[in-house]
Amino acid sequence: MQSSRTLYLSLLKKCLTRFIFPDGDLDHDLVRCHPFSPELRIQGLDWPTEAETMVGVRRLNNVEELANRIFSEGVPGDFVEAGVWRGGVAIFMRALLAAFGDPDRLVWVADSFEGLPVANPQAFPADEGDQHFTLKPYLGIPSDVVRANFRRYGLLDDRVRFLEGFFIDTLRTSPICEYSPAESRRRHVRIDHSGARSPLPPSFAGRLRHCGRLRRAPVLQKSSSGLQGAGGDR
Ligand SMILES: C[S@@+](CC[C@H](N)C(=O)[O-])C[C@H]1O[C@@H](n2cnc3c(N)ncnc32)[C@H](O)[C@@H]1O
């Protein structure tokens, strides 16, 4: 029989992805959905209707493996999800802290809570032709809704910290990028947004070298007109 921790985390992953309560079909102007497919949901290759995360079961497994290593090797540091959408991965991070009995790490929940910034091809050539910012009705989830999702799983407390605004502003000024030896708080950051299109402050990765670890989720490849393969292991 699996341990109660394994059973809890496994059930949570299936709930957050709606793998065991199959999602409905979503019909949005730009985000076209297909009938629920377990294979796509495992890989995180579809656009969920109800699920709290779109990353799929496989990427949640990856987050769990990394957390396992962090806990077993005693690596210090808060967890940061930058690009949270409905909050699923961040909720799972808070559950991992609870399941492993971690006493004091924080989970930082960073997002504009209004989708992507408007494309700006003059400043960022990769923005040319990109329409993802128009998906605000689907991608822009207000922070109150994300808080309610945490509450739904009994995981909202003062160890969950919201960082609201576009990364170009928040990740430049936020306390998560500061490292004070006296405080000795480090951060494990998971970036889940289309980086080229909605840039991080240029100094961010450099500053993180001194205060944490950055793990970039491979670029979201769900196309606005249907599905495409996702690259890498997010
Ligand atoms: C792919 S979704 C994140 C999926 C999420 N990790 C999950 O568990 O399903 C991208 C998120 O990044 C946010 N986002 C994208 N670009 C951003 C930016 N430049 N600043 C702040 N938030 C941004 C969007 O609002 C959206 O919530």
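Here is a short chat about helix packing and one loop glycine in a predicted model.

User: What makes up the chain, in terms of helices and strands?
Analyst: There are eight helices and five strands. Along the sequence they follow the pattern α-α-α-β-α-β-α-α-β-α-β-α-β.

User: Why are α1 and α4 called roughly antiparallel?
Analyst: Look at the angle. Helix α1 (residues 4-16) and helix α4 (residues 88-99) pack at about 170°. The cut-off for roughly antiparallel is over 145 degrees, so α1 and α4 are roughly antiparallel to each other. Their axes are 11 Å apart.

User: Which residues make that contact?
Analyst: From α1 you get Arg5, Tyr8, Leu9, Leu12, Lys13 and Leu16, and from α4 Gly88, Ile91, Phe92, Ala95 and Ala99. They split into eight nonpolar, one polar and two charged.

User: How do α3 and α4 pack, and which hand does the crossing have?
Analyst: Helix α3 (residues 56-72) meets α4 at an angle of about 35°, with the axes 11 Å apart. α3 passes α4 in a right-handed crossing. On the α3 side the contact uses Leu60, Val63, Glu64 and Ala67; on the α4 side, Val89, Phe92, Met93 and Leu96.

User: How do you know whether glycine 24 is buried or exposed?
Analyst: Count its neighbours. Glycine 24 has 12 C-beta neighbours inside 10 Å. Exposed takes 12 or fewer, so glycine 24 counts as exposed.

User: Where is glycine 24, and what does glycine 24 touch?
Analyst: Glycine 24 sits in the loop between α1 and α2 (38-43). Leaving out residues up to four places away in sequence, glycine 24 touches Thr49 and Glu50. Proline 35 is 11 residues from glycine 24 in sequence, and 7.2 Å away in space, C-alpha to C-alpha.

User: What about the chain overall: how many of its residues are buried?
Analyst: Buried residues make up 34% of the 234 residues. As for contacts with a separation of 6 or more, 71% of them involve residues 24 or more positions apart.

Definitions and conventions. Residues numbered from 1 in each chain as written. Predicted model: local features only at pLDDT ≥ 70, side-chain atom pairs only at ≥ 80, totals over all residues. Axes fitted to C-alpha atoms, helices over the stretch in contact; angles between N-to-C directions. Helix = DSSP H or I, 4+ residues; strand = E, 2+ residues; numbered from the N terminus. Parallel < 35°, antiparallel > 145°, perpendicular 65-115°, else oblique. Contact = placed C-beta atoms within 7 Å. Nonpolar A, V, L, I, M, F, W, Y, C, P; charged D, E, K, R; others polar. Buried ≥ 20, exposed ≤ 12 C-beta atoms within 10 Å, placed from the backbone. Left-handed = near helix turned anticlockwise from the far one by under 90°.
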